Amino acid sequence: MAQRRFFVGGNWKMNGNKESLGGIISTLNTASLHDQTEVVCGAPSIYLDFARSSLDLRIGVAAQNCYKVAKGAFTGEISPAMIKDCGVDWVILGHSERRHVFGESDELIGQKVAHALESDLGVIACIGEKLEEREAGTTEEVVYAQTQVIAENVKDWGKVVLAYEPVWAIGTGKTATPEQAQEVHEKLRAWIRANVSDDVANSVRIIYGGSVTGANCRELASQDDVDGFLVGGASLKPEFVDIINARK
């Protein structure tokens, strides 16, 4: 089994201002963080420069979205080239809020993944099922289909982190049990083994997102196929440090 470096992303979503985000940044900059854990903070696009210039360089920064081309008449969008120009090396793509609030299709997300990777950005690619899909027993079908479109657009898996985020557990206070998270992660890794390669299955990091907190992070982190977290609300609080340090 390949040794996969633990990865913790914080998705600040559309929250904060320079004052409040500055407080989070100060907490992270002065905290004792596990030196073997990769940490990346997803800032609102208008604060990418601020986050990158303020955060300690041991902490990465991600945009929360980008478009599928380098430039053009696409009002309100940002490109990978612009993200890179801010000194930022990551982007979150395919988040359930982009899929289900803003109506992004699997096809569009795949195109975004391809262009971001071609532009040398690391991609945190999100997949996950809705509550009605889990209750209907189609979790695997849904996440495999979403992963398939991402995989079709990846040439270098070394720059991809796969984030499994059950939609029913995001911001609801409900969390997949460690066993539920492990089950889906294990099946995803088996799918990658069968459809991509053994090497990628062994090396790609599959992280969990969905109401991760300081209280539940250690048990989740102990699962064999849970390689980290994508954290929403808790990434805006001091407990984010505990989540970063979940795997000792």
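Predicted model: local features only at pLDDT ≥ 70, side-chain atom pairs only at ≥ 80, totals over all residues.
Let me begin with Thr147, which is buried, its relative accessible area being 0%, where buried means under 20% relative accessible area, exposed means over 50%, and partly exposed lies in between, using a 1.4 Å probe and protein chains only. Residues are numbered from 1 along each chain as its sequence is written, and side-chain values use heavy atoms, with hydrogens and water left out.

Thr147 is found in helix 7; helices here are DSSP runs of H or I with at least four residues, strands are runs of E with at least two, and both are numbered from the N terminus. Not counting residues up to four places away in sequence, Thr147 touches Ile127, Leu162, Leu188 and Trp191, and contact means heavy atoms within 4.5 Å. Lys237, by comparison, is 90 residues from Thr147 in sequence and 31 Å from it in space, C-alpha to C-alpha.

Let us stay with helix 7. Two packed helices are described by the angle between their axes and the distance between the axes. Helix 7, residues 139–151, packs with helix 5, residues 106–118, at an angle of about 35° and with the axes 8 Å apart; the axes are lines fitted to C-alpha atoms over the stretch in contact, and angles run from 0 to 180 degrees between N-to-C directions. The crossing of these two helices is right-handed, which means that the near helix is turned clockwise from the far one by less than a right angle, anticlockwise being left-handed. On the helix 5 side we find Asp106, Glu107, Gly110 and Val113, and they meet Ala145, Gln146, Val149 and Ile150 of helix 7. The residues of this contact divide into four nonpolar, two polar and two charged, where Ala, Val, Leu, Ile, Met, Phe, Trp, Tyr, Cys and Pro count as nonpolar, Asp, Glu, Lys and Arg as charged, and the others, Gly among them, as polar.

Now to the charged pairs. The structure holds 18 salt bridges, each being a side-chain nitrogen of Lys or Arg within 4 Å of a carboxyl oxygen of Asp or Glu. One of them joins Glu183 and Lys187, at 3.1 Å from N to O, and both residues lie in helix 8 (178–195), four residues apart, about one turn of the helix. Glu183 is partly exposed at 40% relative accessible area, and Lys187 is partly exposed as well, at 29%.

Is the pair of Arg189 and Asp225 buried or exposed? Arg189 is buried at 3%, and Asp225 is buried at 8%. Their closest N and O atoms are 2.6 Å apart in a salt bridge, and the pair links distant parts of the chain, with Arg189 in helix 8 and Asp225 in the loop between helix 10 (217–221) and strand 8 (228–231), 36 residues apart. Arg189 and Asp225 also belong to a network of salt bridges with Arg4 and Asp227.

Finally, His95 sits in the loop between strand 4 (90–93) and helix 4 (96–100), and His95 is buried, with a relative accessible area of 4%. Its side chain is joined to that of Glu165 by a polar contact of 3.2 Å, that is, a pair of N or O atoms within 3.5 Å, where within protein one must be able to donate a hydrogen and the other to accept it, and residues adjacent in sequence count only if both atoms are side-chain atoms.
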